[in-house]
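I opened the model to look up one residue and one ligand site. My entries follow in the order of the look-ups.

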Amino acid sequence: MSQILLAGGAGFIGSHTAVELLDTGYEVIIADNLMNSSAKSITRIEQITGNQLKFYQLDIRDTEKLEALFQENDISTVIHFAGLKAVGESIGKPVMYYRNNIDTTLSLLECMNKYNVKNIIFSSSATVYGEENPVPYNEEMKKGSCTNPYGWTKAMMEQILEDTAKSDKSMSVIILRYFNPIGAHETGLIGEDPQGIPNNLMPCAAQTAIGIRDHLTIFGNDYDTPDGTCLRDYIHVTDLAKGHVKAVEYAQKNKGVEIFNLGTGNPYSVTEIVETFEKVNGVTVNHVYGPRRDGDLPNCYANADKAMKMLGWKTEKTLEDMCRDLWKWQQMNPNGYKD
Ligand code: NAD
Ligand code: UFG
């Protein structure tokens, strides 16, 4: 089967996608500069699947090295995960975010053009729906205004990809808008390994349960939601990874641009998910309620019908599975890949 390049594939979502692609029979090549990941994830992917993959440690913006990779291989499809993703950090360092995220995209598109690679799948985010659209979000809605530079990089990269596909009708561009990916592989061998203090809810909850952090602060309990805390569409990272396999199959058979939400369509509140994590794992997550975090929307969840209809994809894992698998990963790797 054809070779799939995973740019940024050593990270959280890329590593899980590599497992699902290898299990389906694809050849996988990962290119990553490891700025937010570890080479250990590569050996763990091989351990889970019993398959080998090719790993290039390089910056996607380094076009000379990227070109060499395209020359040495026969890539049919690129999945573009490479990017910086911390919303708060992007507000303090916007130029770094625009430089890295936009440049990786341009380098990939230039190389694809030169080496006649026609299919690209892009990791976008529900954040592009912005503040203006009502939930549940569907792909027909216009993009909204983002609350931070990270979100704007995603909106801009979507535009760049759409314009590129318009100029070359033989291309297939698939934009995947992720909701809130959490959990870990059921083996506990790969998972999310945040550097420093986690920005996202569930890594912070798991580190609190294991004693690395003293407590979790829940940002705001005065929202107009059933229990006052924000609602999100949490999706198991393995379900998300399987969505990429479906997207590869689709991209290889169709041309043009398609956008798909990858979410479950079920919103859960912050309090609900923290309590579920405690219950299924028999642990305590010390938590306090604090003020709202700037930029958080009260409610964000998907209408996931399009991916079901056109990709034949639907989520299989429950909120309990997400919490159980995250805890397994946290217990087996208390310091992430650093041990
Ligand atoms: P991650 O940080 O674990 O993975 C991204 C990978 O890209 C890392 O391994 C990093 O080292 C690599 N990378 C970054 N810049 C690079 C460069 N210039 N050259 C080479 N490698 C580079 O993040 P993730 O959670 O796996 O997210 C993957 C993608 O999905 C990102 O684009 C992210 O913005 C997007 N996304 C993530 C979420 C989420 O909640 N995790 C939600 C929506 C969208
Ligand atoms: N939260 C807390 N305490 C924390 C961390 C988060 O209460 O310590 C709350 C947030 O206020 C929010 C919910 O938990 O209500 C989820 O927050 P995350 O930071 O885990 O996720 P977000 O929904 O803010 O952002 C995620 C991704 C972004 C993406 C966005 C929309 O991290 O990349 O979804 O797709 F842009």
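I took contact to mean heavy atoms within 4.5 Å. This is a predicted model, in which local features need pLDDT of at least 70, side-chain atom pairs count only at pLDDT 80 or more, and totals for chains, interfaces and linings use all residues. Residues are numbered from 1 along each chain as its sequence is written, chains are lettered from A and ligands numbered from 1 in the order in which they are written, and side-chain values use heavy atoms, with hydrogens and water left out.

**Gln330**

I found Gln330 in helix α11, residues 319-332 (a DSSP run of H or I, at least four residues, numbered from the N terminus). Leaving out residues up to four places away in sequence, I listed Pro203, Ala206, Gln207, Ile210 and Ile212 as its contacts. Is Gln330 buried or exposed? Gln330 counts as buried because its relative accessibility is 5% (buried is under 20% relative accessible area, exposed over 50%, with a 1.4 Å probe and protein chains only).

**Ligand 2**

I then looked up the shell of ligand 2, 20 residues (each with a heavy atom within 4 Å of it). Asn200, Thr217, Phe219, Arg232 and Asp296 come nearest. Strand β8, residues 216-219, gives the largest share, four residues (a strand is a DSSP run of E, at least two residues).

Next I noted polar contacts (pairs of N or O atoms within 3.5 Å). Oxygen atoms of ligand 2 lie 2.6 Å from a polar side-chain atom of Asp296, 2.9 Å from a polar backbone atom of Leu201 and 3.3 Å from a polar side-chain atom of Tyr150. The protein covers 88% of the 680 Å² of accessible area that ligand 2 has on its own (Shrake-Rupley method, 1.4 Å probe).

Methods: A polar contact is a pair of N or O atoms within 3.5 Å; within protein, one must be able to donate a hydrogen and the other to accept it, and residues adjacent in sequence count only if both atoms are side-chain atoms.
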